[in-house]
Amino acid sequence: MISPITSSSAVAAEQSTPKPTLLSIRNVAKTFGRNVVLRNISLEIAEGEFLTILGESGSGKTTLLRIIAGFESATSGELWMGPERLDQQPPYRRRVNTVFQHYALFPHLTVEQNVGYGLRVAKRPEAEIAQRVADTLDKVKMTAFAKSKPSKISGGQQQRVALARALVNRPRLLLLDEPTAGVDAKARREFWDMIHEMAADGMTVLVSTHYMDEAERCQRVVYLAGGRLVVQGTADEVVRAANLVTFEATGDGIEQAVRRLRHLPGVETAAVFGRAMRIAGMDRAALRAAIDSLDGTTLHWQEVEPRLDDVFIHMLRDTEG
Ligand SMILES: Nc1ncnc2c1ncn2[C@@H]1O[C@H](COP(=O)(O)OP(=O)(O)O)[C@@H](O)[C@H]1O
Ligand SMILES: [Mg+2]
C-alpha cells in the first residue's frame with residue numbers, strides 16, 4: 001500500500017549507509033501562557049531525509065516548524081544542526097527555509113522578481129541572481145511564467161513560486177507547512193511529485209500535513225497529538241507495530257451499520273470512507289462477532305490492510321484514555 005517514489009537503487013543505498021544527522025531536536029517544549037503546545041519533543045532528521053509531521057489542527061505542527069525556522073523560540077530544549085547550536089542563531093543565519101501555509105507573494109512583482117527578492121536584499125551580484133532564479137524556476141517548472149504577476153497564475157502555480165522563493169536560498173533544510181492546503185487534487189499531486197524528486201536529489205525536507213495519503217508516500221512519519229510525539233517510523237512500520245485488524249464493507253446501509261457497530265465490544269473505530277466503511281480493533285474474533293451480529297444487512301465484508309489513518313485514530317483513543 002506504500003508507494004515510495006525513490007528508485008529501488010536509491011532505497012538500497014539508503015538502507016546500506018545510515019546518513020548523518022542534519023537536525024537534532026532535543027527535548028523541545030513550548031508554552032503560550034498556560035497553554036502547553038509542545039511537550040518534550042525529541043527528533044533526529046537525517047541528511048537527505050523526507051520526514052512528515054502529521055497531526056490534527058492545533059496539535060503544534062506550525063509551532064514546531066516556526067521554532068526550527070527561528071520565528072518562535074522554544075520555552076526549553078535545544079536544536080542542533082551538525083555541531084552548531086541552531087536555536088541560538090537568528091532566523092536569517094539558519095540554512096533553513098520555510099514555505100508557510102499562507103505564503104504571500106508580492107502582488108506587484110513578477111514571478112522572477114518574487115523569487116529573486118531575497119537575493120537582491122542580500123545584495124548578491126545581478127548575474128548570480130539571474131542565474132539562480134532561472135535555475136530555480138526551471139526546477140519548479142515555472143520558467144514560462146517568469147514575467148507574469150502572481151494574480152495571473154493559478155493557486156497551484158503560486159505555491160510553486162513560493163517553493164522557488166525558498167529553494168533559491170539553497171537551504172540545507174526545507175520546511176513545508178501544510179503546503180497543499182487549499183490546492184486542488186491535480187496540483188497537489190504535481191507538487192508532491194516535485195518535492196519527492198528534490199528529496200531523491202538529496203534535499204532534506206520536513207513537511208507538515210493532515211492528509212494521510214500524502215504521509216503514506218513519505219519515508220518516515222511522526223505523529224503529533226496534544227503536543228506530544230506519539231509515534232514515529234515508516235508508514236509500514238507504524239502500521240505493523242500497531243497490530244491493528246481492519247475490516248471493510250461495501251453495500252447498502254453502511255451509514256446505519258456504522259452507527260450500530262461503533263458501540264459493540266472490540267470495535268475501536270468505525271467510519272465511512274466514501275462508498276465503503278471500515279471498522280478496526282485489536283481483537284479479530286470480537287470484530288467478526290460484531291459483524292455477525294448485524295443480521296438483516298447485505299453488506300459485503302472483507303479483512304483489509306490497516307491504513308495510517310486507522311492506526312492514528314486508534315492511537316488517539318489510547319492517548320486520550
Ligand atoms: N502565537 C501564539 N500565541 C498563543 N497561542 C498560540 C500561538 N501560536 C499557536 N498557538 C496555539 O498553539 C496550539 C498549536 O497551534 P499550531 O502550532 O498552529 O498547531 P497546528 O499547526 O498543528 O494546527 C494551538 O492551541 C494554538 O492556539
Ligand atoms: Mg498549522
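Leaving aside neighbours within four places in sequence, which residues is Ala 162 in contact with?

**View 1**
Welcome to the predicted model. The protein chain holds 11 helices and 14 strands. Its C-alpha trace spans about 75 × 45 × 45 Å along the principal axes. Two domains divide the chain: domain 1 covers residues 8-239, and domain 2 covers residues 245-305. Their C-alpha centres lie 38 Å apart. Of the 321 residues, 36% count as buried. If we take the contacts with a separation of 6 or more, 69% of them are between residues 24 or more positions apart.

**View 1. Ala 162 and its surroundings.**
Here is the residue from the opening question. Ala 162 belongs to helix H5, which runs through residues 155-167. Once neighbours within four places in sequence are left aside, Ala 162 is in contact with Val 99, Tyr 103 and Leu 105. Is Ala 162 buried or exposed? Ala 162 counts as buried, because 23 C-beta neighbours lie inside 10 Å, and the cut-off for buried is 20 or more.

**View 2. The six-stranded sheet.**
Follow the strands across this open sheet in the order E6-E7-E8-E3-E9-E10, and you will find that the pairing is mixed. Strand E6 (96-99) and strand E10 (228-233) are the edge strands, each pairing on one side only. From one strand to the next, the twist averages 20 degrees. One pair to look for is strand E3 (residues 50-54) with strand E9 (residues 220-225): these two run parallel and are joined by four bridges. Within this pair, Ile 53 stands opposite Val 222 in E9. Helix H2 lies across E3, E6, E7, E8 and E9, and runs at about 150 degrees to strand E7.

**View 3. The shell around ligand 1.**
Which residues surround ligand 1? The shell is made of Phe 32, Asn 35, Val 37, Gly 55, Ser 57, Gly 58, Ser 59, Gly 60, Lys 61, Thr 62 and Thr 63. Strand E2 (35-46) and helix H2 (61-69) are the elements that give two or more residues to this shell. The largest share, three residues, comes from H2. Sorted by class, the shell has two nonpolar, eight polar and one charged residues.

Now move to an open sheet of four strands, in the order E12-E13-E11-E14, with antiparallel pairing. Strand E12 (269-273) and strand E14 (300-304) stand at the edges with a single partner strand each, so one side of each has no neighbour in the sheet. The twist averages 25 degrees from one strand to the next. Strand E11 (residues 245-250) pairs with E14 over five bridges, in the antiparallel sense, and Phe 247 stands opposite Glu 303 in E14. Two helices can be picked out in this view. Helix H9 (residues 254-261) lies across E11, E12 and strand E13 (276-281), at about 165 degrees to E12. Helix H10 (residues 284-292) lies across E11, E13 and E14, at about 20 degrees to E11.

What is the phi of Asn 40? Asn 40 has a phi near 40 degrees, a positive value in a residue other than glycine. Asn 40 is found in strand E2, and is partly exposed, with 13 other C-beta atoms within 10 Å. Lys 123, also a residue other than glycine, has a positive phi near 60 degrees. To find Lys 123, look in the loop between helix H3 (111-121) and helix H4 (126-139). Lys 123 counts as exposed because 7 other C-beta atoms lie within 10 Å, where the cut-off for exposed is 12 or fewer.

Definitions and conventions
Residues are numbered from 1 along each chain as its sequence is written. Chains are lettered from A and ligands numbered from 1 in the order in which they are written. This is a predicted model: local features need pLDDT of at least 70, side-chain atom pairs count only at pLDDT 80 or more; totals for chains, interfaces and linings use all residues. Domain bounds come from an automatic or database domain assignment. A residue is near a molecule or strand if its C-beta atom, placed from the backbone, lies within 6 Å of it. Ala, Val, Leu, Ile, Met, Phe, Trp, Tyr, Cys and Pro count as nonpolar, Asp, Glu, Lys and Arg as charged, and the others, Gly among them, as polar. Two strands pair if DSSP finds at least two bridges between them. Axes are lines fitted to C-alpha atoms, for helices over the stretch in contact, and angles run from 0 to 180 degrees between N-to-C directions. Two residues are in contact if their C-beta atoms, placed from the backbone, lie within 7 Å.
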